[in-house]
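Please read them with the coordinates open.

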Amino acid sequence: MSMAGVRVTMEVGIDGVAIITICNPPVNSLAIPIIAGLKEKFEEAMRRDDVKAIVLTGNAGKFSGGFDINVFQNVHKTGNISILPDVSIDLVVNTIEGPYNILNAKKPAVAAIEGLALGGGLELTMGCHARIAAPKAQLGLPELTLGVLPGFGGTQRLPRLVGLSKAVEMMLEAKVFKELVLSDTSRGLVNVFFAQRATSKVPNVTDIGLKPRAVKKVAVIGGGLMGSGITTALILSNIYVDKADKAISMLKGVLDYSEFRDVDMVIEAVIEKVPLKQKIFSEIEKACPPHCILATNTSTIDLNVVGEKTSSQDRIIGAHFFSPAHVMPLLEIVRTEKTSAQTIVDLMTVGKIIKKVPVVVGNCTGFAVNRTFFPYTQSAQLLVNLGVDVFRIDRLITSFGLPMGPFQLQDLAGYGVALAVGKEFADAFPDRTFRSPLVQLLVNNGRNGKNNGKGYYLYEKGSKPKPDPSVLPIIEECRRITNILPGGKPISVTDQEIVEMVLFPVVNEACRVMDEGVVVRASDLDIASVLGMSFPSYRGGIVFWADTVGPNHIYTSLKKWSELYGKFYKPSRFLEERATKGIPLTPVSSNEQAQYNLAAASKASQQWPNVTEKQSLFEAVVEGTEDFATPLLKGDVVVTSWSNRNFPIAEKPLPVMYQELGLVKSRDELFITSKLWGTDCHPQLVLPTLQKTLRELKLEYLDLFLIHWPISMKPGATEIPPKTEDIVPMDFKSVWEAMEDCPRQGLTKSIGISRIEPILATKEAERLL
Ligand SMILES: C[C@H](O)CC(=O)SCCNC(=O)CCNC(=O)[C@H](O)C(C)(C)COP(=O)(O)OP(=O)(O)OC[C@H]1O[C@@H](n2cnc3c(N)ncnc32)[C@H](O)[C@@H]1OP(=O)(O)O
């Protein structure tokens with residue numbers, strides 16, 4: 001994050017009007033330097049005789065998106081609330097209420113509002129004498145969705161405009177504001193805010209300069225519930241959709257594909273049958289243009305299997321919508337190792353157009369969301385077989401904050417789904433599947449959930465679902481079959497234990513999903529759990545919540561239950577590792593990781609008087625070196641730089657900067673790597689490039705010097721992936737010999753090649769290697 005461009009400017013016209021402008025892209029949020037800048041400019045305007053009136057506005061068509069939410073996040077991480085309230089009181093008291101108080105001043109202040117004026121932004125406008133808004137301006141106090149009340153006096157400003165005055169109340173409110181910011185609710189909601197935005201950033205996909213291609217026409221195959229829901233979502237966003245009735249005939253295998261000639265994307269949403277899907281994909285591969293994206297809405301089947309009969313694996317992708325598809329906001333985008341970055345970018349873009357939150361995940365049974373949540377129903381079933389009442393479980397999960405408990409959810413989704421999906425997971429993860437015959441018994445007894453009005457609950461038109469006591473004998477029968485009641489008696493568990501026994505196995509599976517790299521980052525599971533499973537957003541998402549509860553408590557509980565009730569509860573390796581080392585589950589990476597460390601370091605070192613100052617120094621370090629990751633398990637700080645970036649020569653040696661940040665004690669704790677960019681990947685440039693890097697970073701040696709990609713490029717080429725015309729034949733042998741020379745000269749401890757895989761996909765690489 002750069003501090004460049006963050007400023008408040010003031011221009012005074014010959015007419016005596018001072019125009020004060022907030023500049024802080026992208027939304028002109030009220031960051032701390034902005035608040036300081038506003039104060040300074042207002043004071044100057046009040047003082048200066050040539051200023052007769054003030055216009056307050058925001059740069060680039062937006063007034064302000066409100067207080068800088070990053071500050072909330074920093075408060076949550078550091079626990080240092082002093083960053084916050086003084087600022088808000090300060091702004092209101094000194095700028096608006098103080099000696100240079102706008103409202104008391106003789107100089108009129110007018111807010112000129114265009115675009116956004118949200119939260120603290122709107123409150124600022126309320127501090128002015130008058131407000132003028134352009135059409136379509138968006139005004140609001142959305143901070144409640146972050147778990148805080150307006151903190152800049154907004155709740156009094158209005159009453160005050162009608163005659164109430166209010167230092168005391170303001171202090172009171174500032175206190176409430178402070179308390180709220182520190183509340184778990186605010187922590188959770190702020191996490192969800194950032195988690196949602198982070199999903200747009202997929203390494204090696206969204207950061208390699210690809211432009212989304214226009215997707216104008218989409219064909220949906222499959223006229224069932226999902227197909228129609230997806231069609232509705234597309235039509236609502238004005239995307240041309242090929243008619244769904246085709247899809248119905250498709251099921252009969254008589255589809256005329258002639259209209260597929262100009263579609264940009266096909267979304268298949270037929271029943272979950274492998275041969276049918278394979279047939280459809282091999283046919284549409286022939287019928288559609290070569291750029292067409294071939295997407296499937298499967299919720300369980302391996303994408304490699306779906307695309308097995310085609311030779312277009314790079315265009316095959318999962319578009320997993322959640323039912324009902326035109327309502328649920330999550331779009332799980334599933335990629336295989338072969339799906340091209342362009343295909344992913346295009347589907348993400350379509351997802352955004354149809355107002356979904358796309359989360360990109362890897363290919364495995366159940367993908368990220370269903371996989372993470374399959375133990376949810378499983379554990380509920382296990383508990384019932386251990387003697388716990390179904391309705392008690394549902395009640396407790398509902399009071400935890402989910403809209404309904406696992407049994408009501410099963411009623412709603414239909415037992416067919418429960419049986420089919422259950423089998424899928426049982427096959428994939430036999431070690432942690434509990435096979436309960438309950439759903440089958442319900443079906444045998446003529447129950448089919450909400451579909452026929454009879455499940456665990458009774459469904460009558462116009463009234464809420466009612467627990468059905470006549471289901472109890474069926475449950476008894478089920479318990480007789482499984483026969484797992486310890487000592488023949490129902491287990492005795494507290495309410496809290498029940499919630500934990502249902503949700504901790506979910507956390508455990510989330511750990512495996514993270515460990516296997518199915519998700520890019522932990523917060524993707526947070527947003528997916530909130531938007532796909534309706535996990536309460538004020539709890540921040542499943543992983544965030546788990547970190548609040550504490551990995552160690554989760555681990556020891558699961559361990560205890562696995563000894564008592566079997567391996568279904570067995571803690572995963574990842575959980576065990578984190579819990580025993582006392583590390584949170586959220587493996588915050590690169591910059592986030594660095595901020596996390598900074599927070600931890602600032603907590604540890606009380607000498608730091610001013611976190612924000614350290615923060616900016618820290619940001620400079622991060623920016624200068626581009627990437628920063630701390631593998632928590634090793635405790636090393638890894639710094640990576642690229643040879644093609646022109647870094648300003650560091651003021652101080654890099655290790656010294658890190659030492660000053662309190663992140664390391666000595667050079668040994670740093671693991672510094674640098675990558676040889678393609679333009680430097682020529683035998684005669686290797687050594688000078690390394691020397692230049694060492695000079696810039698003021699280092700004596702690197703720990704690892706890497707060829708970034710085994711590819712040579714023409715001078716000046718920066719595009720990723722490289723353009724064909726920028727690639728020149730590489731003399732790999734000589735480059736490697738030059739690399740080998742570097743450790744001999746003591747300039748690096750070791751050498752290597754960092755990124756082979758994206759290049760392997762290109763024809764040029766095949767030729768060159
Ligand atoms: C003291 C006061 O009483 C308390 C407050 O003012 S609390 C803050 C109140 N303001 C809000 O809640 C607004 C939150 N923001 C939003 O609703 C939306 O971001 C928006 C309507 C402003 C813009 O939406 P949209 O155009 O879709 O862009 P969106 O992707 O959400 O945001 C763009 C970038 O701005 C950032 N951003 C948006 N609002 C921000 C804010 N208030 N502070 C810091 N960053 C913000 C986002 O994190 C995102 O960053 P990224 O590109 O690095 O991921």
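**Notes on the model**

1. F367 sits in the loop between β14 and α13. Helices (H or I, at least four residues) and strands (E, at least two) are DSSP runs, numbered from the N terminus. F367 is not a glycine, yet has a positive phi of about 55°. With 26 C-beta neighbours inside 10 Å, F367 counts as buried. The cut-offs: buried is 20 or more other C-beta atoms within 10 Å of the residue's own, exposed is 12 or fewer, and partly exposed is in between, with C-beta atoms placed from the backbone.

2. This is a predicted model, where local features need pLDDT of at least 70, side-chain atom pairs count only at pLDDT 80 or more, and totals for chains, interfaces and linings use all residues. Residues are numbered from 1 along each chain as its sequence is written.

3. K355 also has a positive phi, about 65°, and is not a glycine. Its place is the loop between α12 (341-353) and β14 (357-362). Buried or exposed? K355 is exposed, because 12 other C-beta atoms lie within 10 Å.

4. Check two cis peptide bonds. One joins P25 and P26, with omega about 5°. P26 is in the loop between β2 (17-23) and α1 (32-47). Another joins S323 and P324, with omega about -10°. P324 belongs to the loop between β12 (316-321) and β13 (330-335).

5. Now the whole chain. The protein chain has 30 helices and 23 strands. Of its 769 residues, 43% count as buried. Two residues are in contact if their C-beta atoms, placed from the backbone, lie within 7 Å. Among contacts between residues at least 6 apart in sequence, 71% join residues at least 24 apart.

6. An unreviewed UniProt entry annotates residues 366-459 as "domain: 3-hydroxyacyl-CoA dehydrogenase C-terminal". UniProt positions are in the numbering used here, feature names are shortened, and annotations may be inferred rather than shown by experiment. Over residues 366-459 the chain is 61% helix and 2% strand. The end C-alpha atoms of this stretch are 29 Å apart.

7. Which residues of α16 are buried? They are Y415, A418, G422 and F425. These cover an arc of only 90° around the axis, so they are on the same side of α16. The arc is that of the directions from the helix axis to the C-beta atoms. An α-helix has 3.6 residues a turn, so residues three or four places apart point the same way. The buried residues of α16 pack against α13 (369-385), α15 (406-413) and α17 (438-444).

8. The axes of α20 (residues 522-533) and α21 come within 6 Å and cross at roughly 110°. That makes α20 roughly perpendicular to α21. The class spans 65 to 115 degrees; under 35 is roughly parallel, over 145 roughly antiparallel, the rest oblique. Axes are lines fitted to C-alpha atoms, for helices over the stretch in contact, and angles run from 0 to 180 degrees between N-to-C directions. A522, L525, D526 and S529 in α20 meet I542, V543 and F544 in α21.

9. D547 lies in helix α21 (residues 542-549). D547 is buried, with 21 other C-beta atoms within 10 Å. D547 touches P584, L585 and T586, not counting residues up to four places away in sequence. D547 and I583 are 36 residues apart in sequence, and 9.1 Å apart in space, C-alpha to C-alpha.
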